[in-house]
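Please keep the model open beside you as you read.

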Amino acid sequence: MSMKQPLVSGSATAEPDTKGAQRPVRRLVTVGGVVQGVGFRPFVHALATELGLSGQVANGSAGARIEIEGGPEAVAAFCHRLTTDVPPLADIASVAASELPPTGGTGFAIVPSLTGHGRTLVPPDAATCDTCLTELADPADRRHRHPFITCTDCGPRFTITTALPYDRATTTMAAFPMCPECAAEYTDPSDRRFHAQPIACWACGPRLRLTGSVRREGGAALAEARRMLTAGAILAVKGLGGYHLVCDATSSRAVGELRRRKARGDKPFAVMIPDADTAARLGHLGPAERRVLTGRSRPIVLLRRRSPTPLAPQVCPGSPDIGVMLPYTPLHQLLFGLPDDPPGPGVLVVTSGNLSGEPLVTDDREATLRLDGLADAWLWHDRPIVVACDDSVVRVRADGSPLPIRRSRGFAPARIRLPVAVRPVLAVGGDLKNTVCLAEGDAAWLSAHIGDMDSLSAQGAFERAESHLRALTRIEPVRVAADRHPGYRSARWARRDGRPLTLVQHHHAHIASAMAEHGLDEPVLGVAFDGTGYGDDGAVWGGEVLLADYARYRRLAHLAYVPLPGGDAAVRNPYRMALAHLRAAGLAWSPDLPCTAACPPDERRLLEAQLARGIACVPTSSVGRLFDAVSSLVGVCHRAGYEAQAAMELEAAAATADEVRNGYPFALEDPAPLLAAIVADLRTGTPVPLIAARFHLAVAGAVRTACRKAHRSTGVRAVVLTGGVFANALLDGMCAAGLAEDGFTVLGHTVVPPGDGGLALGQAVVAARDAET
């Protein structure tokens, strides 16, 4: 739970009656925040009953509405404990109390939901709780093996909610009438499923089916699905927020076939494991990683891979990390089997159900069409998914803090508290890793991960996500914010919208997003390193040091411009960036250099002419492209099959080096000495991991130098590290440690991703400040 100061001030007071006893008091208490779908009304009922108070509680459009009556001390205790003893999934944003005339009532009731204007919040989906898992495995329990077991502490919320207030009738569970036993639990205040909206059992649904090459229903569908996975099949499995493609992660044939069908290239797959001990056998699992892995959100956690590993080599070729997650639904748990089941796969590849580059599939009919040819069978159910919600991805820093890479299932749409009050605004993010943000007052809500906006289906997913988030937050924006890039599809949508529009510079938005999540409203030094961002001068920025607050920014330093030959062609072929950097540094394209050898001779001649004439060579200051260049220069990665592949593999190489104390000479304004030193080390046979580690230290050293210089001219000591390059945990840690040593206050991302997945939050607060000026 997150909250500000004490949310209820004062205490109930009453005049003594003529006999000296205090008269009862009655209060109207309205509680805002995440109080629907989390067992809050049952909690209120139990608390009032414990304190001997009377009254009622109802869900309303603004939250929970409580009338509470009794002795003044008991009422005061009740109001205090509303904010201290709440259910685990609740998040109290506000509590307002006013006096009512006592009615002399007895007993406490949960009454039907109220309608009206206002705002409440829907919690993220939550992983199956331990109590439900115990019942799932208990042959004596009526929900034994039920793939949709849930209670007030766990299960779907965000992905099944169609409207507010949150009641069964406004979720996709409305289509499944409760059986008498479920109805009895739902209305019993002493039961932990009291008013649990997704309550279900074998009798009342939803229904599980296996279709495709075979057809089964219910428990037989699960048993056949496990048998097929054991035999090497690829299944489409319907999860909380969309379909996954699933296969045995230890089968080279199955994983290789999945990679081929999905057109995945070498991009790593995530795996699902049955327990944390299995995760520890696959990767290095420290206490902080274990906490994130086993928490309610159950994200994919990136761990440093162990070697050897039982995984098929095609799971994550070339990656230093393995993405692991625990089962977060009972259906996933049952895919691994219960103790009396025949042996099945112990590790499963669980990847988004789509072709690479397409949005996640959520609709059942669409799944049979779009996943035809990818899956051998479909394991699905008849509870609709309202909005797509992909798996979240988190790294853990050396200091134990989380570094979000993708913020989605388990986190969206949790409220983000803002340090400044804003008028209603919609921010539409960027074109890569798109998310949208709605903000009003002191709070912002970020959508689940939508993805890249380069297809009509992705743009449709964007519109559905925006509409759903607006319905849940009940925000009607008076302003729209978008990126300044003239070609972004998200910005084109914003221009067509018709409301007042604020265009926000890409790196300013990155910095503002980190400021917002840390509650800052003062100027900072923002170090914004990424692959691409539209600059004020029309260049491709991406190696920026800015003095910034929400209203303005000033460019203090940046990586020296080099040509970006061919735009996306240079991104896909890092050897092009290596050769461009060498030429800009005055270094020859010698045949002994790996990047020169990787470039076909004909292409090399064309590239030389292109650079000489400046044809299709937009200047770039991108540190992301510098990582690509060095990765190819030292022979790590010459062709990138997915975003940031070259940089990730360079980080992987650096992570295997022995302790390195000294980096290369490097200042952002002149990378030539850095490149010359790398070339010299290559020619003397210095191991590539050592070169990669020295390069990382060099970049961290350049950041320290730039920030020291910026501090001397501005007096600012708060530094924000942001942009997709800082998803590199090694660099992030080096920069943070060095800057802290220099006396700076260092702020990295822990709530939203440093990459473009957090862009919309920054756009929203910048646009809100823009509207005030």
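1. A residue counts as buried at under 20% relative accessible area, as exposed at over 50%, and as partly exposed in between (1.4 Å probe, protein chains only). Helices (H or I, at least four residues) and strands (E, at least two) are DSSP runs, numbered from the N terminus. This is a predicted model, in which local features need pLDDT of at least 70, side-chain atom pairs count only at pLDDT 80 or more, and totals for chains, interfaces and linings use all residues. Residues are numbered from 1 along each chain as its sequence is written, and side-chain values use heavy atoms, with hydrogens and water left out.

2. Start with helix H12 (residues 489-497), whose buried residues are Ser-490, Ala-491, Trp-493 and Ala-494. They span an arc of only 155° around the axis (taken from the directions from the helix axis to the C-beta atoms), which places them on the same side of H12. Their packing partners are S17, H11, S19 and S20. Just after H12 comes Gly-498, with a positive phi of about 100°.

3. Now look at the open sheet of 4 strands, ordered S18-S17-S19-S20 with mixed pairing; two strands pair if DSSP finds at least two bridges between them. Strands S18 (437-446) and S20 (501-504) are at the edges with a single partner strand each, so one side of each has no neighbour in the sheet.

4. Strands S17 (residues 415-427) and S19 (residues 479-483) run parallel and are joined by 3 bridges. Leu-426 stands opposite Val-480 in S19. Helix H11 (residues 456-473) packs on the sheet, touching S17 and S18 (contact means heavy atoms within 4.5 Å).

Technical notes:
Axes are lines fitted to C-alpha atoms, for helices over the stretch in contact, and angles run from 0 to 180 degrees between N-to-C directions.
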